[in-house]
Amino acid sequence: MQNKIADNVLVKKLFGWSSTRKLQNAMTFSVILFLFRLVFPDNLSFNPLFVSLSEVLLLLAFYFITLYVLDFIQEKKHSPLSIILNAGILNALIFFILSVISPVFNDIFGRAGNNGNFLYSLAAIFLSFLFIVAMAYNFSVFRTLFFLKQKRNPSFYFNTMTGFFIAASLAGTISFLHVELSDFKTALFIVSLLLITLNSIRTSWIAFLTKKEKMYLLIISVVMSILFGINIGLSNSGNLFVTQALTQFSPALHEFLVLMMSYGCIYFSVVFFTTLFHMPTAEAFDRKAQEVSSLMDLSRLMTQVFDFKELAETVTDITMKVCNSDSAWLVSGENGELNLNAVKNIGYIEADKITSTLSKKYGLKNITSVKTVSLDKLKPSGLSPLQGETASGEALSTDFRILAVSPLKVHDEINGYLIAARKSEDPFDDDDQKSIGAFADYAAVAIEQAKLLAESLEKERMEKELDVAREIQYKILPDKTPEVENMQVSALFVPAFEVGGDYYDFFRLGGDRLGFVIADVSGKGIPAAFIMAEVKGIFESLARLIESPREVLVKANEVLRSSLDKKSFVTVVYGVLEVKTGRVFLSRAGHSPVLLVRRDVIEEVKPCGMGLGLDFSSNFSNSLEETEIKLKENDILLLYTDGIPESKNAEMEDFGYERLNKVILDNAGAPIDLISKRIMKEVAVFSQGKPQHDDITLVIFKWTKQN
Amino acid sequence: MVDFNVETRENSHVNVVNLHGYLDAHTAPELEDVFTKLIDDKKFKVVVNFEDLAYISSAGLGVFMAYVETMRENEGDIKFSNMSPKIYNIFDLLGFPLLYEFYKDEKEAVQKFNEKS
């Protein structure tokens, strides 16, 4: 990475060219070179000026082609094997040209000396261009491989070597013109070879290949070094048409070809031996690499996937792969029961048996860190008649021999186990155990996360449910109190966070009568809200049909029988007021008593009666009484639900009846709206901000007629 | 929240259920589980000891209503004992004393069972 950046920065700094610009330059110089050689064919090759000009043009064309090809190869730097394979194909082509095409050309043009032939020149130029591109490609491949996975920037070494390559190649041209200087060429060539050998040692990228890739590379590198070796031989043989044509075109190019072939031969020999030495550690390296990438995958999954099952599958999958186990499964313990999840490569029943045998023999709770268990040892030693039952015997007829068990720990609490099993007797080594431990930790966090998520979803669902229940309740309750002559009416309703099931209502009945009801449905939330709705319906209709409150309640109990479940009940006070006379008839079904305040004295009106839904036999009607009250001026009737006396403070004390009675008496003279406000205020002061846990309903009547 | 817990024990062939703390809509399922288990185990004679119960809500009361029928059908019953006046008042308002037997003392309730059989 660093290298690539360094390279790019360097290239950009020097030239600032885009890849199309590079291609443009490469094409331009190639065309100039092509035309130049076409116009001045090789018979002027002994003129130093033209030769130099030609070589400079060649060098420039080569340079730009290399720049372009280099970009192209850099893109594939993450798969060095494919780069090598491509280079192999190219060099096989060179081999083909050198060994097969050359004799054909030799036959066509006869032995050398046919220099003046235009066709010959054209063929020579084309071949030379082919080799320029091929060498540029080879050079780029070597350069890319050289820089691959290098931590420090080694460009100095490579640039030096490149310098010598150019020098050696140009020395080839010089010695072509002046044969006496060929020793100089040889010296430069040898130095280049030495540098190649030194630089070939930089093959650290091999270590990062997987074992399979290393095997593959081992074979390729043999083939490549042999191929390059043969190509050295072929390109050095002077009587081949191609080498002759190349030398005539440019001695430097020919020299460079030999250098590149040597580079390939040396480099791939080194690669072969390096890979060979990497082979023994290849597997361990693979496993480490896999472990690291598995952990990375897992942590990515954890942040994206909240489904416990999916994570469990991944965990057991990875455990099997990394720890070389034949099967793996997760055990999650809930309420003392062991549940198996993501069971891999083993029958569920078999895994279950192994788990339960393990749990019986060792007690899973005792396993607090990764532990390996040999299944042979789990075999019951003596067959006691009870234990000899096939259950444990069958479990151990399994093919699996060795287990590794790791607890799933979160905050020191174990909520499951990750188990890996092997069929062979190879024990799980330290590394295996460490990885199993690591995966178990992930699984533990995943389980915890899944649990928390489920809880928060449940909470959200409940809150939605509560909203619905509250809405039902508000629709059911009357929106205003009735206007009645001789009577003030006040109603106050304060809902709890969780809908409590309070209900009150007024019914205008025929003959100047007013029906009123206050009720409390047992339970909370939507179920309570539904019953409330039903109770409203029942009273709406019964109040108009039946005159006597007692009979209304008896009938209501019968009707509710079909809809109340066993554990639900409804407490009610139902009464009827004769507006003209001030007579009140009322019955109570399990509800808090009605309070009658008369001249600063509170009297509990508490006719007998059990709650609706408690009993559906004659017990119910037998228990029910009806009371009559004759109201006098300024008499107050107060109906409430148990939310008031059962309001609690931080010490969990009840508000209680005494406090309620005291507030009522203290405010008996006040307007009734004020009385209910004062009561609520007292309750609020008492509970000191502790959330109200049940609905509070308060209905107050005050008789204002003198009689 | 405030704690609630239940424990069951046997007192001369009668199953005593001890209630502690606060029995409300949230903790009632715990008591339901206990009763379900008693029925599964065919233990139908039950005395519920209220000595350590601090509070009971309507949902808590409902639990007894849900199971008493099964107990009675199987020659058993749910009887209540050791109730504080405050808790008894709640049961009383509702009319429970008309349907259930209440005893001051657990021993008395257990005896009552054994007298019958």
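Helices (H or I, at least four residues) and strands (E, at least two) are DSSP runs, numbered from the N terminus. This is a predicted model, in which local features need pLDDT of at least 70 and side-chain atom pairs count only at pLDDT 80 or more, while totals for chains, interfaces and linings use all residues. Residues are numbered from 1 along each chain as its sequence is written, and chains are lettered from A and ligands numbered from 1 in the order in which they are written.

Q: Why is L276(A) called partly exposed?
A: A residue is buried if 20 or more other C-beta atoms, placed from the backbone, lie within 10 Å of its own, exposed if 12 or fewer, and partly exposed in between. L276(A) has 14 C-beta neighbours inside 10 Å, so it counts as partly exposed. This leucine belongs to helix 10 (residues 251-304) of chain A. Its C-alpha atom is 9.5 Å from that of L217(A), which is 59 residues away along the chain.

Q: How do you know that strand 8 and strand 9 of chain A pair?
A: Two strands pair if DSSP finds at least two bridges between them. Strand 8 (residues 513-521) and strand 9 (residues 570-578) of chain A have nine bridges, in the antiparallel sense. Across this pair, V517(A) stands opposite Y574(A).

Q: What makes strand 7 and strand 13 of chain A edge strands?
A: The open sheet is antiparallel, with five strands in the order 7-8-9-10-13 (chain A). Strand 7 (502-509) and strand 13 (627-630) of chain A each have a single partner strand, so one side of each lacks a neighbour in the sheet. On average, neighbouring strands here are turned by 15° against each other, direction ignored.

Q: Which helix lies across strand 9 and strand 10 of chain A, and at what angle to strand 9?
A: That is helix 16 (residues 549-560) of chain A, running at about 150° to strand 9 of chain A. Axes are lines fitted to C-alpha atoms, for helices over the stretch in contact, and angles run from 0 to 180 degrees between N-to-C directions.

Q: How many residues does each chain bring to the contact, and which helix of chain B gives the most?
A: Residues are in contact if their C-beta atoms, placed from the backbone, lie within 7 Å. The contact takes 16 residues from chain B and 18 residues from chain A. Helix 2 (58-73) and helix 3 (85-94) of chain B each give two or more residues to the side that touches chain A, and helix 2 of chain B gives the most, with eight residues.

Notes
Contact = placed C-beta atoms within 7 Å.
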